[in-house]
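The sequence and structure come next.

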Amino acid sequence: MQRTKIDWCTHTVNPVVGCTFGCSYCYARKMNDRFKWIEDWNKPIFSPERLQKLSSKKPKIIFMNSMSDIADWKQEWKDEVFRTIKNNPQHVYLFLTKRLKEAYQDIKYPNTVWLGNTITAQ
């Protein structure tokens, strides 16, 4: 879990890295181009071992997908992430998406999850 300077959260955990949306101004893609976390940004990768970081006892506000869009996540990834979230209700979990309709499909979000929609055009 990384501490962050983002003013609306305290930490980030990115169990998935990569995105298929293709924004030309994508901060996360530029960071990946610089640090080479994954080979192909357009093919998101799941790293379930990162979920172990959620077991900390002290409550945190955690941005869960600063390096992905939950709309790209495979169902089995979502299942594992939300199972872990349900087992760690001491935190608030934040997700952002550009594709709100897809992000809401097949997920019953616990009340510790906040889902936001990023809008980049009128």
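## Terms and model

Helices (H or I, at least four residues) and strands (E, at least two) are DSSP runs, numbered from the N terminus. The model is predicted.

## Fold and overall shape

The protein contains seven strands and three helices. Read from the N terminus, the order of the elements is β-β-β-α-β-β-α-β-α-β. The radius of gyration is 14 Å, close to the 14 Å that the globule rule gives for 122 residues, so the protein is as compact as a globular protein of that length. Its C-alpha trace spans about 35 × 30 × 30 Å along the principal axes.

Among contacts with a separation of 6 or more, 67% are between residues 24 or more positions apart.

## Burial, surface and charge

Of the 122 residues, 45% count as buried. The protein exposes about 7600 Å², and carbon and sulfur atoms supply 51% of that area.

The protein carries 20 positive and 12 negative charges.

In soluble globular proteins, nonpolar side chains tend to be buried together. In this model, the largest nonpolar core has 20 residues, and Met64, Ile70 and Phe95 touch the most other members. At least two residues of this core come from each of α2 (75-86), β6 (92-97) and β7 (113-117). The largest share, four residues, is supplied by α2. Another core, of nine residues, lies apart from it and includes Cys26, Met31, Trp41 and Met67.

Which residues are in contact with Phe95, leaving aside its neighbours within four places in sequence? They are Met64, Asn65, Ile70, Trp73, Val81, Phe82, Ile85, Val113, Trp114, Leu115 and Gly116.

## Trp8

Trp8 sits in the loop between β1 (2-3) and β2 (11-12). Is Trp8 buried or partly exposed? Its relative accessibility is 42%, so Trp8 counts as partly exposed; the class lies between the buried limit, under 20%, and the exposed limit, over 50%.

Leaving aside neighbours within four places in sequence, Trp8 is in contact with Ile61, Phe63, Leu94 and Leu96. Trp8 and one of these residues, Leu94, are 86 residues apart in sequence, and their C-alpha atoms are 9.4 Å apart in space.

Technical notes. Residues numbered from 1 in each chain as written. Predicted model: local features only at pLDDT ≥ 70, side-chain atom pairs only at ≥ 80, totals over all residues. Heavy atoms only, no water. Rg over C-alpha atoms; globule rule 2.2 N^0.38 Å. Buried < 20%, exposed > 50% of the residue type's maximum accessible area, 1.4 Å probe, protein only. Contact = heavy atoms within 4.5 Å. Areas by Shrake-Rupley, 256 points an atom, 1.4 Å probe, with all protein chains shown as cover. Lys, Arg positive; Asp, Glu negative; His and termini not counted. Charge placed at Lys NZ, Arg CZ, Asp CG, Glu CD. Core = buried A, V, L, I, M, F, W, Y, C linked by side-chain atoms within 4.5 Å.
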